[in-house]
Amino acid sequence: MALDLETRTQLIETVRRFVQEECVPQEAKVSEEDRVPDSIVQGMRDLGLFGISIPTEYGGLGLNMEEEVLVAMELGQTSPAFRSVIGTNVGIGSQGVVMFGSDAQKEEWLPKLASGEVIASFALTEPGAGSDAASVKVTAIRDGDHYVVNGTKRFITNANRAGMFTLMARTDPSKKGAGGISAFIVPASTPGISTGKPEKKMGQQGAHISDVIFENARVPAALRLGAEGQGFRVAMQVLDRGRLHISAVCVGVAERLIRECVNYAREREQFGQKIGEFQLIQAMLADCKTEAYAARCMVLDAAKKRDAGESITMEAACTKYFASEMVGRVADRAVQIFGGAGYVADYGIERFYRDVRIFRIYEGTSQIQQIVIARNLLRED
Ligand code: COS
């Protein structure tokens with residue numbers, strides 16, 4: 001059920017105020033300390049942000065996709081590390097349970113994910129399974145009413161804070177591809193699970209990724225998500241949706257950078273005039289705006305299609321491909337418009353330039369999106 005217009009406007013404005021008043025002033029500190037302050041995490045809890053995509057009967061805000069991407073565009077107006085705090089609970093960590101969970105699984109997990117009491121994390125990627133997600137080697141071998149999980153997951157967002165993992169593991173090692181994979185809810189407290197040290201990254205300091213190591217971790221069969229062998233499909237459908245959310249964040253970051261560039265172009269003088277009066281600067285601003293606007297329209301169109309019950313595999317791939325490449329170009333032009341000031345840390349532009357690089361990689365690289373788009377085109381009647 002969609003929110004009425006007034007409630008929706010109020011929600012967006014509340015999130016906008018939170019981002020501007022609480023997050024933006026802390027951007028540099030979060031980056032330096034590689035940590036989002038507890039007060040901001042608590043603020044996000046208070047606003048219900050952990051549960052925006054979780055149905056209201058389980059304590060979430062139950063936003064539809066269009067509403068969710070509008071919120072994500074607001075969250076994108078600051079360093080992406082802030083969004084990452086709630087990102088896995090809203091997206092890839094929780095949606096397997098929302099879409100494929102049994103009533104008992106939903107009742108047990110969704111209220112805790114919606115409130116932010118438990119952090120969800122999505123464990124698909126492995127050292128040898130990145131773009132080739134169907135080649136996962138982590139095994140979950142049935143033993144009575146449990147599965148015994150062994151192996152290592154890599155680059156797992158929020159693993160170090162996770163209370164549960166949505167895990168994709170191979171239940172049938174005789175099947176090499178997608179068919180042998182199943183999905184599970186795995187409580188992080190299960191004996192035999194440990195996490196590695198958070199990786200040092202190019203950007204998005206404050207958001208953490210690490211290995212998750214499973215050593216004979218026994219997971220109750222009752223926590224399998226969907227049927228055996230359906231785990232790859234679970235992962236792909238979760239990612240279809242996640243790609244739209246990430247695209248919305250890209251739009252938000254681009255819009256923030258455009259504002260910064262416009263303000264700078266109005267102030268900064270060279271050759272006796274504001275640089276915004278030079279047509280070569282204007283051209284860069286115009287290209288940024290045109291592309292960000294196109295991406296905004298794509299995100300909203302794809303979100304509406306999903307809300308109408310359509311399959312959006314191709315649209316999500318088109319949108320993720322375009323929006324993540326777009327924000328890369330916008331960030332690059334922002335550094336150019338700011339010149340030397342764009343390259344030094346004080347203005348924060350170089351930080352965004354580094355932060356946005358991962359958008360072209362995670363939740364499917366640009367090249368994977370191209371493959372998904374082309375395959376779907378060639379399959380169409
Ligand atoms: N929705 C539902 N089902 C899907 C699907 C989707 N979006 N995409 C694929 N499937 C199904 C297919 O229909 C197929 O099912 P059948 O065997 O019953 O026909 C099965 O899954 C295997 O699909 P496919 O043959 O296309 O698998 P591939 O190994 O060729 O891989 C890509 C497909 C490349 C698209 C996939 O591996 C991918 O998205 N990789 C990127 C992973 C990623 O985003 N990693 C980021 C980590 S999470 S931050």
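Predicted model: local features only at pLDDT ≥ 70, side-chain atom pairs only at ≥ 80, totals over all residues.

Next, select R375. An N or O atom in the R375 side chain is 2.8 Å from an oxygen atom of the ligand. Then hop over to S131, where the backbone does the work: one of its polar backbone atoms sits 2.8 Å from a nitrogen atom of the ligand.

On its own the ligand has 1000 Å² of accessible area, and the protein covers 67% of that. The space the ligand takes up is the largest pocket.

Time to color by element. Two of them, α8 (231–267) and α13 (366–379), each give two or more residues to the shell around the ligand. Highlight α8 and you have the largest share of that shell, seven residues.

Show the whole shell next: 20 residues surround the ligand, and the closest are S131, D240, R243, G364 and R375. Color them by type and you get nine nonpolar, six polar and five charged residues.

Last stop: color by domain. Domain 2 (120–229) and domain 3 (233–379) each supply at least three residues to the shell around the ligand.

Note on methods:
Residues numbered from 1 in each chain as written. Heavy atoms only, no water. Near = heavy atom within 4 Å. Polar contact = N/O pair within 3.5 Å; in protein donor to acceptor, adjacent residues only side chain to side chain. Areas by Shrake-Rupley, 256 points an atom, 1.4 Å probe, with all protein chains shown as cover. 1 Å grid on protein atoms, 1.4 Å probe; cavity = no way out; pocket = protein on both sides within 12 Å on 5 of 7 lines; lining within 4 Å. Sits in = over half its atoms within 2 Å of the grid points. Helix = DSSP H or I, 4+ residues; strand = E, 2+ residues; numbered from the N terminus. Nonpolar A, V, L, I, M, F, W, Y, C, P; charged D, E, K, R; others polar. Domains from an automatic or database assignment.
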